[in-house]
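Trainee: I have a new fold to learn today. Could we walk through it together, one piece at a time?

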Amino acid sequence: MTVSSDRVLSNRPFNDAPIGIFDSGFGGLTVAREIAKELPEESIVYFGDTARCPYGPRSQDEVDGFVQQICAWLVGRDVKLLVIACNTATAAGLEHAQQRFSIPVIGAVIPGARAAARATKNRRVGVIATKGTVESGCYPQAIRNIDAGITVFSTATPKFVDIVEQGIRMSRGPIEDLTSLASKVYIRPAFQEIARDYLEPLRRCKIDTLVLGCTHYPMLKALIGGVIGHNVLLVSSAEEMAKEVRETLSMRGELAHEGNIAKHEFFTSAPNLDEFQSFGSRVFSEPIERPTHIDLSRL
């Protein structure tokens with residue numbers, strides 16, 4: 001008698017252990033936000049390595065060391081799945097982490113690359129990301145592994161991270177605090193000029209799909225879309241990673257049980273906890289609990 005794989009998977013137990021997520025700073029909270037929306041019954045342990053942010057200008061070997069250290073710390077907190085919510089960290093340390101740890105490790109590149117390869121019609125895809133991510137070549141490789149006929153145009157856009165963080169700080173005020181904790185970014189005219197300088201070459205390449213290859217960038221969708229053109233599809237790695245997490249846990253029979261009350265915990269390597277809580281709440285789009293400081297030098 002043959003038993004279908006669906007039936008076998010459905011008989012596996014649920015798993016209420018948390019999902020571990022980390023990033024070089026605040027940007028990965030866009031991923032945590034999407035996972036919380038996609039899987040509201042899942043608990044989350046988030047680590048922001050804000051003391052060592054940004055990762056982009058660092059060497060691949062150094063970032064890989066950070067990835068292994070933080071993944072090991074999260075595994076020590078009994079997470080059931082690891083999410084590297086940072087494109088630079090994914091490029092530097094994903095394969096190493098997948099080889100080292102026994103639980104699934106999901107990175108930021110493959111989900112976005114897969115979505116872009118499926119979505120493009122003219123097979124001309126743009127990628128914007130940090131310097132480290134672009135220089136690694138991870139997105140062109142991942143996209144071409146799916147469809148070797150796609151032409152990929154990559155541009156480093158490091159100032160977009162600064163625009164997000166400056167813009168959120170400039171948007172603070174009593175009205176915003178009362179009406180919305182959504183990560184609305186105040187856009188100055190100077191920000192528009194930076195965006196045009198970055199994106200005009202990609203627009204001239206006649207791309208029809210653009211991968212937002214940094215977890216900060218979904219907060220700039222309006223700015224980026226306005227400059228690149230509304231006929232270009234923007235692919236958010238944060239949204240695609242949330243879908244990947246759901247599919248992975250579902251296939252493994254490790255989704256939290258129905259009715260589980262999710263717990264969200266936040267940790268940071270930086271000592272300024274007020275800043276992390278205030279800024280993080282805007283990125284996460286809802287108030288977050290006061291984070292706990294972790295001294296990585298003692299791990």
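Trainee: At about what angle does H2 run to E2?

Mentor: Keep in mind that this is a predicted model. Helix H2 lies across strands E1, E2, E3 and E9. Its direction relative to E2 is about 170°.

Trainee: And at about what angle does H13 run to E9?

Mentor: Helix H13 covers residues 273-284. It lies across E2, E9 and E10. Relative to E9, H13 runs at about 130°.

Trainee: Which strands are the edge strands of the six-stranded open sheet?

Mentor: Let's read the order, which is E4-E3-E1-E2-E9-E10, with parallel pairing. Strands of a sheet pair through backbone hydrogen bonds. An edge strand here pairs on one side only, and that describes E4 (105-106) and E10 (292-293). The edge strands are therefore E4 and E10.

Trainee: Which residue in E9 is the bridge partner of valine 45?

Mentor: Start with strand E2 (residues 44-48) and strand E9 (residues 264-268), which pair in the parallel sense. Five bridges hold that pairing. The E9 partner of valine 45 is glutamate 265.

Trainee: Are H2 and H12 parallel, perpendicular or oblique, and why?

Mentor: H2 (residues 29-38) packs against H12 (residues 237-252) with the axes 8 Å apart and an angle of about 45°. Roughly parallel would need an angle under 35 degrees, and roughly perpendicular one from 65 to 115. The angle between these two helices therefore makes H2, relative to H12, oblique.

Trainee: Is the crossing of H2 and H12 left-handed or right-handed?

Mentor: First look at who meets whom: the H2 side includes Thr30, Val31 and Ile35, and the H12 side includes Ala238, Met241 and Val245. As for its hand, the crossing of the two helices is right-handed.

Trainee: Which valine in E8 stands opposite valine 211?

Mentor: Strand E7 has a parallel neighbour in E5 (residues 124-129), joined to it by four bridges; there, valine 127 stands opposite valine 211. E7 is also joined by four bridges to E8 (residues 233-236), again parallel. In E8, the residue opposite valine 211 is valine 235.

Trainee: Are the residues on the two faces of E7 buried or exposed?

Mentor: On one side of E7 (residues 209-212) sit Thr209 and Val211, and on the other Leu210 and Leu212. Both faces are covered, and these four residues are all buried.

Notes. Residues are numbered from 1 along each chain as its sequence is written. This is a predicted model: local features need pLDDT of at least 70, side-chain atom pairs count only at pLDDT 80 or more; totals for chains, interfaces and linings use all residues. Side-chain values use heavy atoms; hydrogens and water are left out. Buried means under 20% relative accessible area, exposed over 50%, partly exposed in between (1.4 Å probe, protein chains only). Two strands pair if DSSP finds at least two bridges between them. Axes are lines fitted to C-alpha atoms, for helices over the stretch in contact, and angles run from 0 to 180 degrees between N-to-C directions. Angles under 35 degrees count as roughly parallel, over 145 as roughly antiparallel, 65 to 115 as roughly perpendicular and the rest as oblique. A crossing is left-handed if the near helix is turned anticlockwise from the far one by less than a right angle, and right-handed if clockwise. Contact means heavy atoms within 4.5 Å.
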